[in-house]
Amino acid sequence: MNIPFLGGRRKKRAAALLTAGGGTPDPEGIAELLSECELLRSQASRVGVRLDDSVASLEALDQLLPRWRDDEEILPWLGNDAGLYLGTVIVRTVPGATWDIWTTGPVVRLASGREFDVVTVGHEWAANGVPELSQLYAEIAEA
């Protein structure tokens, strides 16, 4: 199973979580895998921010000093994790929101059918600070 947005370190675990029994996609396994966001959780924890999959934690992330922007090696990974974390909060708190996996990576699909490429948003946030994760969440939750 080719899962390019995960990188090499999590592919074996991903294959087990993403399929249930006969190889069909497992929504709970997908959600569990995408919610890991290890690097982001580690960075946030270092400065006392607890990522509990809540809207308040998105607000706390928006307030962090972006020290990671000086590290070109960590920036893409952190952006990826920020997008996955935003998607995790949306999927866990917005009724009817689910993950959908495209060939280009994961997106969040709302009950209305609208889709959001949260990973791209995460990269923009990590690199520029905009859009703010909490503000985007508010716009999506209203939709």
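## The two sides of helix 3

Let's start with helix 3, where the face turned away from the buried side carries the exposed residues S45 and R46. A quick word on terms: a residue is buried under 20% relative accessible area, exposed over 50% and partly exposed in between, with a 1.4 Å probe and protein chains only. Helices (H or I, at least four residues) and strands (E, at least two) are DSSP runs numbered from the N terminus. All of this comes from a predicted model, in which local features need pLDDT of at least 70 and side-chain atom pairs count only at pLDDT 80 or more, while totals for chains, interfaces and linings use all residues. Residues are numbered from 1 along each chain as its sequence is written, and side-chain values use heavy atoms, with hydrogens and water left out.

Helix 3 covers residues 38-46, and its buried residues are L40, Q43 and A44. They sit on the same side of the helix because they cover an arc of only 95° around the axis, the arc being that of the directions from the helix axis to the C-beta atoms. An α-helix has 3.6 residues a turn, so residues three or four places apart point the same way. The cover over the buried residues of helix 3 includes helix 4 (55-62) and helix 5 (75-93). After helix 3 comes G48, with a positive phi near 85°.

## The chain as a whole

Stepping back, the chain has seven helices and five strands. Read from the N terminus, the elements go α-β-β-α-α-α-α-β-β-β-α-α. Of the 143 residues in the chain, 45% are buried. Contact here means heavy atoms within 4.5 Å. Among contacts between residues at least 6 apart in sequence, 54% join residues at least 24 apart.

Helix 4 has S57, L58, L61 and D62 as its buried residues. Their arc around the axis is only 150°, which puts them on the same side of helix 4. Helix 3, helix 5, helix 6 and helix 7 are among what covers them.

L61 is worth a click in the viewer. Leaving aside neighbours within four places in sequence, L61 is in contact with L40, A44, L51, Y85, W125 and L133.

## The loop between helices 3 and 4

L51 sits in the loop between helix 3 and helix 4. With a relative accessible area of 11%, L51 is buried. Not counting residues up to four places away in sequence, L51 touches L40, R41, A44, S57, L61 and Y85. L51 and Y85 are 34 residues apart along the chain, and their C-alpha atoms are separated by 8.8 Å.

D53 is in the loop between helix 3 and helix 4 too. D53 is not a glycine, yet it has a positive phi of about 65°. D53 counts as buried, at 15% relative accessibility.

## The nonpolar core

A nonpolar core is a set of buried Ala, Val, Leu, Ile, Met, Phe, Trp, Tyr and Cys residues joined through side-chain atoms within 4.5 Å. The largest one has 36 residues, and L61, L86, I90 and W99 touch the most other members. Helix 2 (27-34), helix 3, helix 4, helix 5, helix 6 (118-128) and helix 7 each put in at least two residues. Helix 5 gives the largest share of this core, eight residues.

## How helix 5 meets helix 7

Two packed helices are described by the angle between their axes and the distance between the axes. Helix 5 packs against helix 7 (residues 133-142) at an angle of about 35°, with the axes 11 Å apart. Axes are lines fitted to C-alpha atoms, for helices over the stretch in contact, and angles run from 0 to 180 degrees between N-to-C directions.

On the helix 5 side, L86, V89, I90 and T93 meet L133, L136, Y137 and I140 of helix 7. By class, this contact has seven nonpolar, one polar and no charged residues. Ala, Val, Leu, Ile, Met, Phe, Trp, Tyr, Cys and Pro count as nonpolar, Asp, Glu, Lys and Arg as charged, and the others, Gly among them, as polar.

C37 lies in the loop between helix 2 and helix 3. C37 has a positive phi of about 45° although it is not a glycine, and it is buried, with a relative accessible area of 0%.

The other spot is P131, in the loop between helix 6 and helix 7. The peptide bond from V130 to P131 is cis, with omega near 0°.
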